Amino acid sequence: SDLSLMQRQRLERHPDKTIRTRAKELLAKNDAVPSANRQQVLAEYAAVAQTHGDAEHGKTVFTKTCAVCHRYRGEGASLGPDLTGMAVHGKEHLLQNILDPNRDVEANFQAYVVQTADGQVITGMLVSESATAIEIVDAQSKRHAILREDIEELNRSGVSFMPEGFEKQLSRDDLADVLEFLGQRSRFVPLDLRRVGTVTSARGMFNSPDAKHERMLLDDWNVKQVEGVPFYPIDPQGGRVANVILLYSPRGAIPPTMPRSVTLDYGAPAKAIHLLGGVAGWGFPSTKAGTTSMIVRLHYADGATEDHPLKNGVHIADYLGHQNVEKSKAALDLGQQQLRYLKLEPKRSDPISSIELLKGDDETAPLVMAITVEQP
């Protein structure tokens, strides 16, 4: 019981079969091995998602148990996914992610196990690699640079870095409180761009990954206030995470590989939709004003849609330089590059099920770094 879930998982998956077998036997004696039937565990704990918890205590539990890996509204570590925008998915979805982290695990957050030539075993996430070395970050956010010549064995586990078995560590009340804390909806609701991000801003995004002037790097990745609106940009973690939405353009080397649309779930009414972006590759004045760079399409719960076209040279400016345009405002100065601020107001007060970003009919490559929805 003195072992953390992460330590138990490391022992259960230890590359040495003797250690692995003995660990499983000892943990089983202490009822410390989580059930392999995650669907059954979810069924047993389904009522927790319907329970009204204590958000204040949930914050305490989150800080103690989750913040070592996860960031929420600017606080915590960036080792795992940022949970800031997860409230829009509901408590049931949050509970599923906590109790069954391997159901839908992203490649960026899979665990790697490294055994070195001197017998050391390191478990963590692969954050960078080169022809001569790799870098692993462990559960304590400690980075390990390992030369390839010192690696005896390197395996990707195929499972989440987040361990199964939180029902063994947290009581039902604790789980209900964490869900209440993470599920809070305030006036401003940040949307989760992590699953729909198409490119990392830590590398060149238009003509070459090596082009430094095509990158967008902030001094820090904490919350940014623009016109009183909080935005939560995603840390690209050195290029490991796709943290921005870049849409298709026929120009350059990278935009032709980008999608023509992405969709973000929401599920509530909206007073306004705030975007941190307002820029594009080959935007105005590189190309003529008046064309449609991007369309923000609102999908209402009743099936109706509503389009908000964003015009090049009116809403959208080129990412390079500091060109001003009428219907967006300068937000962040990144040196050679800029990010701008846009506000869109839905025409209806009905619930919006999702927000879709679609490529317009011109050759610009529009980019969005963060979206925050303001509730009525």
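Does S354 count as buried or exposed, judged by its relative accessibility? At 9% relative accessibility, S354 counts as buried, because the cut-off for buried is under 20%. The structure is a predicted model.

**S354 and its surroundings**

- S354 is part of strand 20, which spans residues 352-359.
- Not counting residues up to four places away in sequence, S354 touches T263, L264, D265 and Y266, and also R297, L298 and H299.

**H89**

- H89 is placed in the loop between strand 2 (75-76) and helix 5 (91-99).
- With a relative accessible area of 26%, H89 is partly exposed.
- Its contacts, leaving aside neighbours within four places in sequence, are D192 and D265; D265 is also one of the residues that S354 touches.
- H89 and G183 are 94 residues apart in sequence, while their C-alpha atoms are 8.4 Å apart in space.

**Helix 5**

- K91, L94, L95, I98 and L99 are buried in helix 5.
- These residues cover an arc of only 120° around the axis, which puts them on the same side of helix 5.
- An α-helix has 3.6 residues a turn, so residues three or four places apart point the same way.
- The packing partners of the buried residues of helix 5 are helix 3 (38-44), helix 6 (166-169) and helix 7 (172-182).

- In helix 4, the buried residues are A55, G58, V61, F62, T65 and C66.
- Seen down the axis, the buried residues of helix 4 fall within an arc of 105°, so they line one face of the helix.
- E56 and K64 are exposed on the other side of helix 4.
- Strand 1 (71-72), helix 6 and helix 7 are what the buried residues of helix 4 pack against.
- Two packed helices are described by the angle between their axes and the distance between the axes.
- For helix 4 (residues 55-66) and helix 7, the axes come within 7 Å and cross at roughly 100°.
- Helix 4 and helix 7 are therefore roughly perpendicular to each other, as angles of 65 to 115 degrees count as such.
- On the helix 4 side, the residues that meet helix 7 are A55, H57, G58, K59, V61 and F62.
- On the helix 7 side, D174, D177, V178, E180, F181 and L182 meet helix 4.

**Aromatic pairs**

- The count comes to 6 aromatic pairs.
- The ring centres of F231 and Y341 are 6.2 Å apart and the ring planes lie at 70°, so this pair is edge-to-face.
- F231 lies in strand 10 (residues 229-231) and Y341 in strand 19 (residues 338-344), so the pair ties together parts that are 110 residues apart in sequence.
- F231 is buried, with a relative accessible area of 0%, and Y341 is buried, with a relative accessible area of 8%.
- F62, Y72 and F181 are linked by ring pairs into a cluster; F62 and F181 also take part in the meeting of helix 4 with helix 7.

**Charges over rings**

- R172 lies over the face of Y45, at 4.0 Å from the ring centre.
- R260 has its charged end over the ring of Y248, 3.8 Å from the centre of that ring.

Methods. Residues numbered from 1 in each chain as written. Predicted model: local features only at pLDDT ≥ 70, side-chain atom pairs only at ≥ 80, totals over all residues. Heavy atoms only, no water. Phe/Tyr/Trp six-rings, centres within 6.5 Å; stacked < 30°, edge-to-face > 60°. Helix = DSSP H or I, 4+ residues; strand = E, 2+ residues; numbered from the N terminus. Buried < 20%, exposed > 50% of the residue type's maximum accessible area, 1.4 Å probe, protein only. Lys NZ or Arg CZ within 6 Å of the ring centre and 35° of its normal. Contact = heavy atoms within 4.5 Å. Arc of directions from axis to C-beta. Axes fitted to C-alpha atoms, helices over the stretch in contact; angles between N-to-C directions. Parallel < 35°, antiparallel > 145°, perpendicular 65-115°, else oblique.
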